[in-house]
Amino acid sequence: MAKDESLKDVSVELADTLNKRFKTFDKVAYFLNEEDWSPSDITDWVSTGSSMLDLAIANRPNGGFPVGRITEIAGLEASGKSLLAAHALKSTQDKGGVAVYIDTENAISREFFQAIGVKLEDMLYIPLDTVEDIFEAVEAIIEKIRSSNKNRLVTIVIDSIMGASTKPETAALYDKDGYATSKALILSKAMRKITNYLGRERICLIMTNQLREKLGVSFGDKYTTSGGKAIGFHSSVRIRLKSIGQIKMKKGMVEQVIGIKTNATVIKNRMGPPLRSVEYDIYFDSGIDDYGSWLSIMKEQKMVSQAGAWYTFS
């Protein structure tokens, strides 16, 4: 017992010494069994629009994108990246939070957002062209929230981070080469700066990203994201989307595509077990079909049996 008490005394003395030395911080060293803030605590979640994906990420009911963390949504074109981010903005507004949409591709559609229930009159829209401006805007939002209302939930969507250029690239001619690594360097610096800032605030940062196919890969993962490794390293959650089919319906004599089937795999997860995969349907006029994915899981788990058009819950 005396040995344990002496170790505790040494730990307390070390904490006091560090807290006195780093006077610019409120508290730099503490014990995790105290009731103080802990960097690993997740106090809130923002829904993805799919309950099954919320559960796969958070490993608990009513989960989703973690607040105070960075999430990356990657996928090929037309896989539902922007839609998933838009559902997060709607979830934020439903909780009384502030929804911020940073558009780098001039691809926003009023009808697209209104179809899933986003209140456009309350959403802050920021069209920016360069990575430098994007992170300057993010840092300004964090500082404003910190000084005004730290309890206000804010979700920031960057759609997409690879759609943004850099200032040297924008100033150069089209045939100018030699700036291939500038975006990776800027992203690496920016991610180091904002990661700890986000952890202290109720801010959910979501970035959509584009997949690139590796050349000459016969085995293993043939896809990667451009712009270096910084986003992957600093993201607490990385989701990869893949379109796996079309949803068709006949209207008269014409068969029309009214949606797509999507597979979402959580390839990195600090909130729960990684590599979980869920499937859901996306309808072009209403977004993610949440209840349909419930039914699919219940059928797989033998909770529901199907006979023709009838379903029986057992």
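A: Helices (H or I, at least four residues) and strands (E, at least two) are DSSP runs, numbered from the N terminus. This is a predicted model, in which local features need pLDDT of at least 70 and side-chain atom pairs count only at pLDDT 80 or more, while totals for chains, interfaces and linings use all residues. Residues are numbered from 1 along each chain as its sequence is written, and side-chain values use heavy atoms, with hydrogens and water left out.

Q: Where is the place of Val118?

A: Val118 sits in the loop that runs between helix 4 (110–115) and strand 5 (124–127).

Q: Is Val118 buried or exposed?

A: Buried means under 20% relative accessible area, exposed over 50%, and partly exposed in between (1.4 Å probe, protein chains only). Val118 has a relative accessible area of 5%, so it is buried.

Q: Which residues is Val118 in contact with?

A: Contact means heavy atoms within 4.5 Å. Once neighbours within four places in sequence are left aside, Val118 is in contact with Ala86, Lys90, Gln93, Phe113 and Met123. As for Ala309, which is 191 residues away along the chain, its C-alpha atom is separated from that of Val118 by 33 Å.

Q: How many residues of helix 3 are buried?

A: Eleven of the 14 are buried, so helix 3 is largely enclosed by the rest of the structure. Among them are Ala86 and Gln93, two of the residues in contact with Val118. The buried residues of helix 3 also include Lys81, Leu83, His87 and Thr92.

Q: What should the 14 residues of helix 3 span?

A: The expected span of a helix is 1.5 Å times one less than its number of residues. For helix 3 this gives 20 Å, which agrees with the 20 Å between its end C-alpha atoms. Just after helix 3, Gly96 has a positive phi of about 85°.

Q: How many salt bridges does a search of the whole structure find?

A: A salt bridge is a side-chain nitrogen of Lys or Arg within 4 Å of a carboxyl oxygen of Asp or Glu. The search of the whole structure finds nine of them. One of these joins Lys95 to Asp44, with the closest N and O atoms 2.8 Å apart. This pair links distant parts of the chain, 51 residues apart: Lys95 is in the loop between helix 3 (81–94) and strand 4 (98–103), and Asp44 is in the loop between helix 1 (2–21) and strand 1 (45–46). Lys95 is partly exposed, at a relative accessible area of 45%, whereas Asp44 is buried, at 12%. Asp44 and Lys95 also belong to a network of salt bridges that includes Arg202.

Q: Which residue forms a salt bridge with Arg238?

A: The partner of Arg238 is Glu72, and their closest N and O atoms are 2.4 Å apart. Arg238 and Glu72 are both buried.

Q: What are the distance and the setting for Lys261 and Asp281?

A: Their salt bridge has its closest N and O atoms 3.3 Å apart. Lys261 is in strand 10 (residues 254–269) and Asp281 in strand 11 (residues 276–283), 20 residues apart. Lys261 is partly exposed, with a relative accessible area of 36%, while Asp281 counts as buried at 18%.

Q: At what angle do the axes of helix 5 and helix 7 cross?

A: Axes are lines fitted to C-alpha atoms, for helices over the stretch in contact, and angles run from 0 to 180 degrees between N-to-C directions. The axes of helix 5 (residues 131–148) and helix 7 (residues 182–199) cross at roughly 10° and come within 10 Å. Angles under 35 degrees count as roughly parallel, over 145 as roughly antiparallel, 65 to 115 as roughly perpendicular and the rest as oblique. Helix 5 and helix 7 are therefore roughly parallel to each other.

Q: Which residues of helix 5 and helix 7 meet?

A: On helix 5 they include Val131, Glu132 and Phe135, and on helix 7 they include Lys183, Ile186 and Leu187.

Q: What does Thr166 touch?

A: Not counting residues up to four places away in sequence, Thr166 touches Thr130, Val131, Glu132, Ser182, Lys183 and Ile186. Thr166 is in the loop between strand 6 (154–159) and helix 6 (167–171), and it is buried, with a relative accessible area of 1%.

Q: What does the secondary structure of the chain come to?

A: The chain has nine helices and 14 strands. Of its 314 residues, 42% count as buried.
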